[in-house]
Amino acid sequence: MTTAISYSNANDLTTDDYIVIGLATCFYKDDGEVHQIEVIEPIPSAALEAILKGIPTSYKLAYATTLGSILDGDTLVMPNGIPESAQFGDEFVLRAFSAARTYKRRQSAQLFIPVGATKTDFNYSTERKRVLNAARVVSKEDNVKQHSHTHKVL
């Protein structure tokens with residue numbers, strides 16, 4: 001039986017809708033030190049397709065499931081096979097709904113990983129670190145110097 005999701009901004013989704021979640025290696029800066037953490041994130045269909053084509057990724061694994069198996073009302077449910085040390089990413093529910101919609105729109109992407117299956121043969125790399133709390137500081141030196149004739153009518 002298909003049950004509608006009880007969120008006001010997700011009335012088009014049901015508990016049986018397909019979604020892929022990934023276990024990503026990310027980093028967190030704290031007092032000048034960088035700490036490694038594992039984060040559970042929804043993977044949209046376009047990102048999954050790119051990862052499957054072999055681009056370097058911070059995802060260790062991808063698990064195909066349904067919305068109802070990871071969301072129990074307002075409670076997030078840790079899927080089987082995911083380490084206990086992993087944590088859900090920021091705005092997980094909103095991002096899960098968005099990712100589920102990508103698989104509804106492009107149903108052929110559901111064939112990449114069957115429901116209940118886990119895929120691990122990715123081009124895993126942490127060479128380009130995903131720092132979650134990185135702050136960009138813009139300074140005057142970042143401004144591009146323009147030629148003196150740029151704004152003149154010649």
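Visitor: How many salt bridges does a search of the whole structure find?

Guide: The search finds seven. A salt bridge here is a side-chain nitrogen of Lys or Arg within 4 Å of a carboxyl oxygen of Asp or Glu. Keep in mind that this is a predicted model, where local features need pLDDT of at least 70 and side-chain atom pairs pLDDT 80 or more, while totals for chains, interfaces and linings use all residues. Residues are numbered from 1 along each chain as its sequence is written, and side-chain values use heavy atoms, without hydrogens or water.

Visitor: What makes Asp17 and Lys104 a salt bridge?

Guide: Their closest N and O atoms are 3.6 Å apart, and the cut-off is within 4 Å, so the pair qualifies. Asp17 sits in the segment before β1 and Lys104 in helix α3, 87 residues apart. Helices (H or I, at least four residues) and strands (E, at least two) are DSSP runs, numbered from the N terminus.

Visitor: Why is Asp17 called buried?

Guide: Buried means under 20% relative accessible area, exposed over 50%, and partly exposed in between, using a 1.4 Å probe and protein chains only. Asp17 has 11%, so Asp17 counts as buried.

Visitor: What makes Glu41 buried, and what does its side chain meet?

Guide: Glu41 has a relative accessible area of 3%, so this residue of the structure is buried. Glu41 lies in strand β2 (residues 33-43). Its side chain makes a polar contact with the side chain of Tyr59 at 2.8 Å. That term means a pair of N or O atoms within 3.5 Å; within protein, one must be able to donate a hydrogen and the other to accept it, and residues adjacent in sequence count only if both atoms are side-chain atoms.

Visitor: Why is Glu91 called exposed?

Guide: Glu91 has 58% relative accessibility, so Glu91 counts as exposed. Glu91 lies in the loop between β6 (87-88) and α3.
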